[in-house]
Amino acid sequence: MAVLRMKEQQFEIDLVIFDKDGLLFDARYFWQRLAEARMRVLQPLLGEEGLAEWCELMGITQAGMTAVDINPSGIFALAPPQEEIIVTASLLKVSAGGDWGVSRQRAAEAFQQSDEQFDLPGALQPKRGFPDIFCRLQQAAIPFGIATSDDYDRTIRSVGRYVPIEWLTCIVTPVDVEHGKPHPDMLQLISRTTGVPLSRIAMLGDSFVDVEMACTAGCIGIGIPDDPGMAERMLPCASVILESLDEIIIQSAAVHI
């Protein structure tokens, strides 16, 4: 058992789960670079007008082939890649016609191509408190893992640049569950596979979908948003809202023999 203290509150926990983008890494910078990689591949398929429509649907503000900003509540920020592919395939179907299966396959291939061309190391900007929070938890022998809307490969390549991936007790992505965030499926799966009761799992995230997932699952939801608007959306569900990972104090951990 461990005790996490923050803002004059304390929570008894046995497992800490982190979101990735926006919490461990600067989300907007990452999303902008990834969006630009997608745009370079999709532009020949969709054309300029089709690409502009794609960006608008995804919540991407573009200037030519530059992603100027990303809406944190938009599809690109919140949806898993599988859902983004479906949206993209729909645009391809409308613009080019033809068979739906072909459109979906072309979209999937475009996403795979952009992933292969994507400069992942250049898109990573660690947030304040990371990777220190992982080092502190590891030193205190407190298990921790990740629940992310990103894919598994990019998650291990991102986190693995800063800490040994073996430190993580679990990594859960949308392909592992029937419903992604904010549904409770990810945390319920983690509870089943680790044996840790939901009430003793702390879920940390930068988005309202993270704390809503925690609240629905019966976990402790700790929000660390980037802007006041997101903090306001978190209020109904969050157990506590912080400004950074540095505010979390690890008070103790019991050693079982």
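Colleague: In which sense do S3 and strand S8 (residues 201-205) pair, and over how many bridges?

Modeller: This is a predicted model, where local features need pLDDT of at least 70 and side-chain atom pairs count only at pLDDT 80 or more, while totals for chains, interfaces and linings use all residues. Residues are numbered from 1 along each chain as its sequence is written, and side-chain values use heavy atoms, with hydrogens and water left out. Strands (E, at least two residues) and helices (H or I, at least four) are DSSP runs numbered from the N terminus, and two strands pair if DSSP finds at least two bridges between them. S3 and S8 pair in the parallel sense, over four bridges.

Colleague: Which are the edge strands of the sheet?

Modeller: The sheet is open, with parallel pairing and the order S7-S6-S3-S8-S9-S10. An edge strand pairs on one side only, which is the case for S7 (171-172) and S10 (240-241).

Colleague: What angle does the direction of helix H6 (residues 132-139) make with that of S3?

Modeller: H6 packs on the sheet, touching S3 and strand S6 (144-147); contact means heavy atoms within 4.5 Å. Axes are lines fitted to C-alpha atoms, for helices over the stretch in contact, and angles between N-to-C directions run from 0 to 180 degrees. For H6 and S3 the angle is about 165 degrees.

Colleague: How does H3 (residues 81-96) count relative to H4 (residues 100-117): roughly parallel, roughly antiparallel, roughly perpendicular or oblique?

Modeller: The two axes come within 8 Å and cross at roughly 125 degrees. Under 35 degrees would be roughly parallel, over 145 roughly antiparallel, and 65 to 115 roughly perpendicular, with the rest oblique. H3 is therefore, relative to H4, oblique.

Colleague: How many of the residues in the contact of H3 with H4 are nonpolar?

Modeller: Ile85, Ala89 and Leu92 are among the H3 residues that meet H4, whose side includes Trp100, Ala107 and Phe111. Ala, Val, Leu, Ile, Met, Phe, Trp, Tyr, Cys and Pro count as nonpolar, Asp, Glu, Lys and Arg as charged, and the others, Gly among them, as polar. Three are polar and four charged, while the nonpolar ones number 10.

Colleague: Is Phe25 buried or exposed?

Modeller: Phe25 lies in the loop between S3 (15-18) and helix H1 (27-58), and its contacts include Leu124, Pro126, Phe130 and Tyr162. Buried means under 20% relative accessible area, exposed over 50%, and partly exposed in between (1.4 Å probe, protein chains only). Because its relative accessibility is 0%, Phe25 counts as buried.

Definitions and conventions:
Lists of a residue's contacts leave out its neighbours within four places in sequence.
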